[in-house]
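This report describes one protein chain for a reader who is new to structures. Please look at the sequence and the model before reading on.

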Amino acid sequence: MNTLDKIPVLSNAVVKKVHAKGTSLRRRLLDMGITQGCQVTKVRQAPLGDPIELNVRGYSLIIRNEDAMLIEVEC
């Protein structure tokens, strides 16, 4: 399974599934626009790996690495 935290910087991916358990985290990710079939670009990653900046639906989004591990993508 390829997750959002494992793709290289400046690469595009399509979200296949959000594996977040618990309604609050899953709802927060969906409200931010990370939905199935959405295209995501990993723009930057902090020097120590956390957080990462994404381009989702034309805007910049910064999420924690542990949240990115829950988002399955297809490159």
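## Strands E1 and E2

Asparagine 12 stands opposite threonine 41 in E2. The two strands involved are E1, residues 12–18, and E2, residues 39–45, which pair in the antiparallel sense over 3 bridges. Two strands are said to pair if DSSP finds at least two bridges between them. Strands of a sheet pair through backbone hydrogen bonds, either parallel or antiparallel.

The model is predicted: local features need pLDDT of at least 70 and side-chain atom pairs count only at pLDDT 80 or more, while totals for chains, interfaces and linings use all residues. Residues are numbered from 1 along each chain as its sequence is written, and side-chain values use heavy atoms, with hydrogens and water left out.

## The chain as a whole

The chain has 2 helices and 5 strands. Helices (H or I, at least four residues) and strands (E, at least two) are DSSP runs, numbered from the N terminus. Along the sequence they follow the pattern β-α-β-β-β-α-β.

A compact globule of 75 residues would have a radius of gyration near 11 Å, and the chain agrees, because its own value is 11 Å. This radius is taken over C-alpha atoms, and the globule rule is 2.2 Å times the number of residues to the power 0.38. The C-alpha trace spans about 30 × 25 × 25 Å along its principal axes. The accessible surface of the chain comes to about 4600 Å², and 52% of that belongs to carbon and sulfur atoms. Such areas come from the Shrake-Rupley method with a 1.4 Å probe; for residues, only the protein chains shown count as cover.

Of the contacts in the chain with a separation of 6 or more, 58% are between residues 24 or more positions apart. Contact means heavy atoms within 4.5 Å.

## The sheet

In what order do the strands of the open sheet lie? The order is E4-E3-E2-E1-E5, and the pairing is antiparallel. Strand E4 (59–63) and strand E5 (71–74) stand at the edges with a single partner strand each, so one side of each has no neighbour in the sheet. From one strand to the next, the twist averages 45 degrees. For such angles, axes are lines fitted to C-alpha atoms (for helices, over the stretch in contact), and angles run from 0 to 180 degrees between N-to-C directions.

E2 and E3 pair in the antiparallel sense over 5 bridges, with glutamate 53 in E3 as the bridge partner of arginine 44. Their hairpin has 6 residues between the strands, and in it glycine 49 takes a positive phi near 95 degrees. E3 and E4 also pair in the antiparallel sense over 5 bridges. Here valine 56 stands opposite tyrosine 59 in E4.

## Buried residues and the core

Buried residues make up 40% of the 75 residues in the chain. Buried means under 20% relative accessible area, exposed over 50%, and partly exposed in between, with a 1.4 Å probe and protein chains only. In E3, 4 of the 5 residues are buried. Valine 40 lies in strand E2 and counts as buried because its relative accessibility is 1%. Its contacts, leaving aside neighbours within four places in sequence, include Leu4, Asn12, Val15 and Val56.

The largest nonpolar core has 20 residues, of which Leu4, Leu29, Ile63 and Ile71 touch the most other members. At least two residues of this core come from each of E1, helix H1 (23–31), strand E3 (52–56), E4 and E5. A nonpolar core is a set of buried Ala, Val, Leu, Ile, Met, Phe, Trp, Tyr and Cys residues joined through side-chain atoms within 4.5 Å. Not counting residues up to four places away in sequence, isoleucine 71 touches Leu4, Leu29 and Ile63, among others.

Is aspartate 67 buried or exposed? At 2% relative accessibility, aspartate 67 counts as buried. Its place is in helix H2, residues 65–68, and it touches Leu25 and Arg28, not counting residues up to four places away in sequence.

Arginine 57 sits in the loop between E3 and E4. At 53% relative accessibility, arginine 57 counts as exposed. The hairpin of E3 and E4 has 2 residues between the strands, and arginine 57 takes a positive phi near 55 degrees there. Beyond residues up to four places away in sequence, arginine 57 touches Gly33, Thr35, Cys38 and Gln39.
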